[in-house]
Amino acid sequence: MTDSDTADGSSEADSASGRTPPAVAVVDAQSPGNVGTIARAMKNFGFEDLLLVDPPALDPDGEAYGFAGHAREDVLPNAEEIEFDHLVETYHTIGCTAVTNEDDRSHMRFPYSTPADLADRLPTVEAPTALVFGRERVGLTNEELARIDEICSIPASADYPVLNLGQAATVTLYELRDLTLGGETQLPDLQRVRAPEPTIDRLYDQWAALLTELNHPDEKREKTMRMLRRVFGRADLTEREANTLLGLLRRATERPAEK
């Protein structure tokens with residue numbers, strides 16, 4: 001084992017890699033409630049490391065803990081208070097800010113990535129990473145942005161693109177959830193399994209029988225069946241859905257409407 005290897009066989013470089021989930025840094029938040037909201041969003045989407053620069057007082061009986069939900073048990077009490085200088089010197093920083101009424105002639109907020117762009121790229125960044133959110137009213141200052149490594153901005157309406165601090169953090173962390181959750185969430189598996197072709201064929205046969213029973217015009221029948229095939233072909237019916245429709249069509253065929 002070399003000096004750079006750890007006991008489990010991984011290298012020190014791997015264990016220090018920025019391919020771990022980003023930390024979330026909040027700079028000079030004025031409202032304890034917003035800090036709690038961000039902590040809750042972190043808990044929702046699997047983020048753990050909360051960094052606070054010049055935070056408000058976080059009373060365990062106050063707004064921050066009240067808004068944090070289950071994050072009051074770990075994310076919020078484990079938050080680390082740091083200086084902005086330490087943040088930008090230690091982490092690859094991504095400043096989350098609105099980009100408004102500017103173009104690429106400005107280097108303060110350009111170029112920028114969207115949260116979805118970051119989701120694709122951050123797994124390759126070999127450095128400890130921090131998503132940095134600013135104050136409620138003015139966000140990150142130009143002086144702070146000048147020291148940040150890159151910019152992230154959420155696509156929104158041109159009429160009103162500025163999000164609330166808690167909203168901006170929630171949207172960003174949602175987009176980056178695969179970095180922490182790896183696709184594993186509480187939602188059940190929704191993979192659809194198409195019904196077997198013999199079942200689908202019986203469905204078409206039953207439609208044909210119903211059209212005959214209803215005296216659907218002969219000259220329209222072929223076109224109608226082709227349309228039905230296109231509709232159900234796009235639908236990718238499951239076996240349960242196909243069998244349910246078969247049962248309904250059988251009943252309709254046995255008890256047709258008055259001719």
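**The sheet and what surrounds it**

A: In this predicted model, 7 strands build an open sheet with parallel pairing, and their order is E3-E2-E1-E6-E4-E7-E5.

Q: Which strands stand at the edges?
A: Those are strand E3 (80-81) and strand E5 (112-113), and each has a single partner strand, so one side of each is left without a neighbour in the sheet.

Q: Okay, and how many bridges are there between E1 and E6?
A: Strand E1 (residues 23-27) pairs with strand E6 (residues 129-133) over 4 bridges, in the parallel sense. Within that pairing, alanine 25 has valine 132 in E6 as its bridge partner.

Q: Which helices pack on the sheet around there?
A: Helix H2 (residues 32-45) packs on the sheet and touches E1 as well as strand E2 (50-53), with a direction that makes about 160° with that of E2. Helix H7 (residues 165-175) also packs on the sheet, where it touches E1, strand E4 (92-96) and E6, and its direction makes about 150° with that of E6.

Q: What joins E1 to E2?
A: E1 and E2 run parallel and are joined by 4 bridges; in this part of the sheet, valine 27 stands opposite valine 53 in E2.

Q: And how many bridges join E4 to E6?
A: There are 5 bridges between E4 and E6, which run parallel, and histidine 92 has threonine 129 in E6 as its bridge partner.

Q: Is E6 buried or exposed?
A: Of the 5 residues of E6, 5 are buried, so this strand is largely enclosed by the rest of the structure. Both of its faces are covered, with Thr129, Leu131 and Phe133 buried on one side and Ala130 and Val132 buried on the other.

Q: Which residues cover the faces of E2, then?
A: In E2, Leu50 and Leu52 lie on one side while Leu51 and Val53 lie on the other, and all of them are buried, which leaves both faces covered.

Q: Switching topic: where do H9 and H10 come together?
A: Helix H9 (residues 197-213) and helix H10 (residues 218-235) have axes that come within 11 Å and cross at roughly 145°, and H9 passes H10 in a right-handed crossing. On the H9 side the contact involves Leu203, Tyr204, Trp207, Ala208, Leu211 and Thr212, which meet Arg221, Thr224, Met225, Leu228, Arg229, Phe232 and Gly233 in H10.

Q: What classes of residue are in that contact?
A: Sorted by class, the contact of H9 with H10 has 8 nonpolar, 3 polar and 2 charged residues.

Q: What about glutamine 206, is it buried or exposed?
A: Glutamine 206, which lies in helix H9, has a relative accessible area of 15% and is therefore buried, the cut-off being under 20%. If its neighbours within four places in sequence are left aside, glutamine 206 is in contact with Leu246, Leu249, Arg250 and Thr253.

Q: Which residues have a positive phi without being glycine?
A: Aspartate 28 is one of them, with phi near 55°, and its place is in the loop between E1 and H2. Another is aspartate 236, with a positive phi of about 50°, found in the loop between H10 and helix H11 (239-254). As background, most residues other than glycine have a negative phi.

Q: Is aspartate 236 buried, exposed or partly exposed?
A: Aspartate 236 counts as partly exposed, at 36% relative accessibility.

Q: Last topic: where is the confidence lowest and highest?
A: Helix H1 (residues 12-15) has the lowest confidence in the chain, at a mean of 42, while E2 has the highest, at 97. Over residues 1-18 pLDDT stays under 50, and for that stretch the model has 19 contacts beyond four places in sequence. The chain has a mean pLDDT of 85, and 84% of its residues reach 70 or more.

Q: And how many helices and strands does the chain have?
A: The secondary structure comes to 11 helices and 7 strands, and buried residues make up 37% of the 259 residues in the chain. Of the contacts between residues at least 6 apart in sequence, 80% join residues at least 24 apart.

How values were computed:
Residues are numbered from 1 along each chain as its sequence is written. This is a predicted model: local features need pLDDT of at least 70, side-chain atom pairs count only at pLDDT 80 or more; totals for chains, interfaces and linings use all residues. Side-chain values use heavy atoms; hydrogens and water are left out. Axes are lines fitted to C-alpha atoms, for helices over the stretch in contact, and angles run from 0 to 180 degrees between N-to-C directions. Helices (H or I, at least four residues) and strands (E, at least two) are DSSP runs, numbered from the N terminus. A crossing is left-handed if the near helix is turned anticlockwise from the far one by less than a right angle, and right-handed if clockwise. Contact means heavy atoms within 4.5 Å. Ala, Val, Leu, Ile, Met, Phe, Trp, Tyr, Cys and Pro count as nonpolar, Asp, Glu, Lys and Arg as charged, and the others, Gly among them, as polar. Buried means under 20% relative accessible area, exposed over 50%, partly exposed in between (1.4 Å probe, protein chains only). Two strands pair if DSSP finds at least two bridges between them. pLDDT is the predictor's confidence in each residue, from 0 to 100.
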